[in-house]
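Hi everyone, thanks for making time. Let me put the structure up, and then I'll walk you through a few parts of it.

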Amino acid sequence: MKAIQTILCLFLITSQGFSQEISERDLECGTPEMDAYFESDKPWFLNNNYFLEVLQRYGYDLPKDYFDSIDERGHYKGEKISLRRYKNDSLLIPKLKKGNPNSGRISAENLRLLSLINYIPLKVWVHQNSSNVSPFTQPQIFEVIDLVNELFANNDVPIRFYISCDITTIPSSLYNNLPSENSMNAMFNNFQENNVINLHLVASGFSIGSSGTIPSTNLFITPSIVGGEANRGLLVHELGHCLGLFHTHARHCSSSSYPNGNQNCNNCNQESVSRTKTQGLFCLGTGTKKCEFNGDQLCDTPAEPNLIGGFSASQYGVNESCQIVWPNLKSQDNWGDFYSPMQFNIMSYARSKCRNSISAGQIAKMLSYLPSFAHSSSGYQITGFSNVCNNVQYSYNVPSLQGITSYNWTVPEGTSIVSGQGTNTLTVSFGNSVGTNKELTVYPQGCGYPPVSIPINVRNFISILGPTSVGPTSTFNYSTQVIDNVVYQWSIPSSWTMQSGQGSHTIQVTTGGSGTYTLSVSASGYGCSKYAEIQVNVSGSGPIQRVDFHSTNEIPPNQKEKVHEPFKRELVKIIIIDPYSYFNMEVQSEEEFKDLYLNLKSGFYIIQKVYTDQMTTLKYLKR
Ligand SMILES: [Zn+2]
């Protein structure tokens, strides 16, 4: 570390007096602004709503009016959107079709999609000076990439970066210092690998970092990124440009005076604070929403003057505590509305340490550009079971990969590795703990392969999903949770007919005459043995009794219900079933349940409360 500081000091002294200010400006990047029509051939141009479809493909079911109901702070109807809250796993699960007992199955492929992370390879080039010294060490490089991934994970961005191969060091590099864009472009041309993002680490440059263009498979970074979480903001910002993001203060006007962001543009070119204001009569894009045409063209990032403020520290638009310093910025747009900029956004020019948030629109835009980059979908897969029983051993395998010396596996909490760590075959024992949406991941050590994951759902319990109140001689489906590699043995009342599905997790049956019957299933194999049963009331004359919404419990559950519950019972879990998709979720307590119901879409649900001695099934209507 000491050697690095020495090199930095030398650089500062040898540069002109200006250099002190540059070193303090951990703020500016050299990526150019793009013309307003730069993305006019893209499906999202002037159509932010396109991004709703993109997010939906990744399991994020945002409200349909999301982009049309953004307030002046960039918040949906006044509240900050957390993508996590809108994660809808059932979106990716095929709906159950009549007559096809397997169509409701949550396949391993669907489950893989649910947790799909796109790994983008980075090729790291370290440019040494004439004494063969670089201000970067390998641990610092690994650390900052981890920190970038952490920031992406915190924002629910399904993208991660990894170092694709050995880091290449270039002794006495001509590009250790990049005085101009020309030298940057020469470096990008001379040191470049295909199908990766080339990350160049240099000692100094005409800016503290740049991606050259948007999007880009190249970027350079100066040592401003070294020093932990507070300094990762620059690398995140440049990678944002690489994946297609504009500055939040993006200007589509020319201005020679600094600062030159959105705040100095004329009426036709300025992004307004208002999210509904449209382009004026004699402007390009007349009639289109300004938040889609000006600035970064995303309505869920608020209009921003340009948070860098002035040139020197005393003029910065954001202070050390990440608070906005209004005297250093214009506080109102051309129409007199007060700015509410987002100083925590990664694409702003706020200080590095402030930049930690990414809007849903920005995430969708990065995902839209993703096909231009090589990522894990072209790689390999883990083979093994996704739906497993607790307290059972399972094996997972990846192919033997060329150039990989070791395989580092991580397993879900509560799971122990029996054997195979370091090899391409792992045997694990799932402990007592259960749950869905867990992950098992392998990190190949060496060159050229990203980590891959397989989703894991650990079950110690199954239940039967299907109607409990039906008409006579009618045909229905009953289903239970999927456990891989088990045989399902269903028992139906003698007066009923099994139409299809015996042995699988879903059956189709035809009921007999009126009465109360028990339907059961046992799942066994591979060390598993699970059992469930359900009481079905057959009555009436129609094909199915309608669910009476008037007698249906509202969510949240009312308190009276608790009074009727036996005194000494202990709640084991609550299962929330969407009878439309047959997808289900499990929680362990009433508190978790109350938290979850807030996130449920309106509709009809079956809630099963599993106690130590019995199970109750309730119907709920979420309005
Ligand atoms: Zn930038």
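Leaving out residues up to four places away in sequence, Ile-159 touches Ile-117, Asn-118, Ile-120, Phe-152, Leu-243, Met-366, Leu-367 and Leu-370. Please keep in mind that this is a predicted model.

So where does Ile-159 belong? It is one of the residues with the most contacts inside the largest nonpolar core, along with Phe-152, Phe-161 and Leu-235, and that core has 59 residues. As background, nonpolar side chains in soluble globular proteins tend to be buried together.

Let me zoom out for a second. The protein chain has 11 helices and 28 strands. Of its 623 residues, 54% are buried. And if you take contacts between residues at least 6 apart in sequence, 64% of them join residues at least 24 apart.

Next up, the metal. Which residues coordinate the zinc ion? They are Cys-29, through SG, and His-237, His-241 and His-247, each through NE2, at 1.9 to 2.1 Å. The angles between the four donor atoms run from 97 to 120°, so the arrangement is tetrahedral. Along the chain, the donor spacing reads C-x207-H-x3-H-x5-H. Cys-29 sits in the loop between helix 2 (19-24) and helix 3, while His-237 is in helix 7, so this pair ties together parts that are 208 residues apart in sequence. Cys-29 counts as buried because its relative accessibility is 3%, and His-237 counts as buried because its value is 0%.

Now have a look at helix 6, residues 181-190. Its buried residues include Ser-183, Met-184, Met-187 and Phe-188. On the face of helix 6 turned away from the buried side, you'll find the exposed residues Asn-182, Asn-189 and Asn-190.

A quick stop at Gly-295, in the loop between helix 8 (290-293) and helix 9. Is Gly-295 buried or exposed? With 0% relative accessibility, it counts as buried. Setting aside neighbours within four places in sequence, Gly-295 is in contact with Ala-250, His-252 and Glu-271.

Most residues other than glycine have a negative phi, and most peptide bonds are trans. Here, though, a cis peptide bond joins Ile-214 and Pro-215, with omega at about -10°, and Pro-215 lies in the loop between strand 7 and strand 8. Leu-46 has a positive phi, near 55°, and you'll find Leu-46 in the loop between helix 2 and helix 3. Leu-46 counts as partly exposed because its relative accessibility is 28%. Cys-322 also isn't a glycine, and its phi is positive too, about 65°. Cys-322 is in the loop between helix 8 and helix 9, and at 10% relative accessibility it counts as buried.

That's my tour, so over to you for questions.

How values were computed
Residues numbered from 1 in each chain as written. Predicted model: local features only at pLDDT ≥ 70, side-chain atom pairs only at ≥ 80, totals over all residues. Heavy atoms only, no water. Core = buried A, V, L, I, M, F, W, Y, C linked by side-chain atoms within 4.5 Å. Buried < 20%, exposed > 50% of the residue type's maximum accessible area, 1.4 Å probe, protein only. Contact = heavy atoms within 4.5 Å. Donors = N, O, S within 2.8 Å, 3.2 Å for Na, K, Ca; no water. Tetrahedral: all angles 85-135°; square planar, octahedral: opposite > 155°, others 65-115°. Helix = DSSP H or I, 4+ residues; strand = E, 2+ residues; numbered from the N terminus.
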